[in-house]
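Subject: Structure for your review

Dear colleague,

Please find the structure below, with its sequence. My notes on what was found in it follow.

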Amino acid sequence: MLRAIRAVTLAGVAAFAVAALTAAALPARAETVGEVGVDWLGNDIMIDAVSDPKIKGITCHVTYFDRSVIDRLKNGNWFEDPSNNSIACRQTGPIEIGDIELSKEGEEVFRAGLSLVWKNLLVTRIYDRKNDTLIYLAHSRELTDGSAKMSITTIPLYGQTVTWQNGKPQ
């Protein structure tokens with residue numbers, strides 16, 4: 001019963017958020033592959049699988065906290081989930097690297113809203129040329145206050161058979 005109420009209410013919030021963000025194109029889509037209940041209020045830890053849209057053969061699993069309707073009513077702050085998250089990326093097939101950003105700022109691979117408008121969970125990919133390694137950083141971005149909560153994972157390319165669409169950068 002509570003899940004049904006939560007699903008209907010969250011569906012309305014999600015529909016509004018999608019309508020508000022229709023102009024924004026998300027870099028990658030996530031598929032929910034796990035959902036672990038953590039308390040009697042109906043709060044869950046969600047596990048999403050995200051494929052890097054520019055690198056074939058890499059899959060990242062991102063976790064985040066999904067607050068229930070009961071928790072939102074009890075504690076207020078109706079439109080926001082915590083910034084807590086974690087990431088693990090692994091090679092899941094032959095690696096084929098497309099046209100990726102090579103700057104130190106990297107490139108956004110995935111974005112999901114943690115609030116109605118102001119907070120996002122981001123996954124950013126950075127290529128470490130010196131160590132021939134892909135770095136994936138999960139972090140939250142807020143309009144007014146950044147969060148120091150982050151998680152990082154790496155995929156070393158050394159010794160791997162990697163196909164670079166535009167040739168390996170020097």
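**A strand residue and a surface patch**

Isoleucine 45 is found in strand E2, residues 44-51; helices (H or I, at least four residues) and strands (E, at least two) are DSSP runs, numbered from the N terminus. Please note that this is a predicted model, in which local features need pLDDT of at least 70 and side-chain atom pairs count only at pLDDT 80 or more, while totals for chains, interfaces and linings use all residues. Residues are numbered from 1 along each chain as its sequence is written, and side-chain values use heavy atoms, with hydrogens and water left out.

At 34% relative accessibility, isoleucine 45 counts as partly exposed. Here, buried means under 20% relative accessible area, exposed means over 50%, and partly exposed lies in between (1.4 Å probe, protein chains only). Together with Val36 and Val38, Ile45 makes a nonpolar surface patch of about 210 Å². Patches are made of residues with over 30% relative accessible area and no salt bridge; like charges are joined within 9 Å, and nonpolar side chains (Val, Leu, Ile, Met, Phe, Trp, Tyr) within 5 Å. A salt bridge is a side-chain nitrogen of Lys or Arg within 4 Å of a carboxyl oxygen of Asp or Glu.

**The disulfide**

The structure has one disulfide, a term for a pair of cysteine sulfur atoms within 2.5 Å. The disulfide joins cysteine 60 to cysteine 89, with an S to S distance of 2.0 Å. Cysteine 60 lies in strand E3 (residues 55-66) and cysteine 89 in strand E4 (residues 85-97), so the pair ties together parts that are 29 residues apart in sequence. The link is right-handed, with 105° about the S-S bond. Both cysteine 60 and cysteine 89 are buried.

**The aromatic pair**

A search of the whole structure finds one aromatic pair. Rings of Phe, Tyr and Trp (its six-membered ring) pair if their centres lie within 6.5 Å; planes under 30 degrees apart count as stacked, over 60 as edge-to-face and the rest as tilted. Tyrosine 127 and tryptophan 164 form this edge-to-face pair, at 5.2 Å centre to centre and 70° between the planes. The pair links distant parts of the chain, 37 residues apart: tyrosine 127 is in strand E6 (residues 119-128) and tryptophan 164 in strand E9 (residues 162-164). Tyrosine 127 is buried at 5% relative accessibility, and tryptophan 164 is buried at 15%.

Yours sincerely

Conventions
Areas by Shrake-Rupley, 256 points an atom, 1.4 Å probe, with all protein chains shown as cover.
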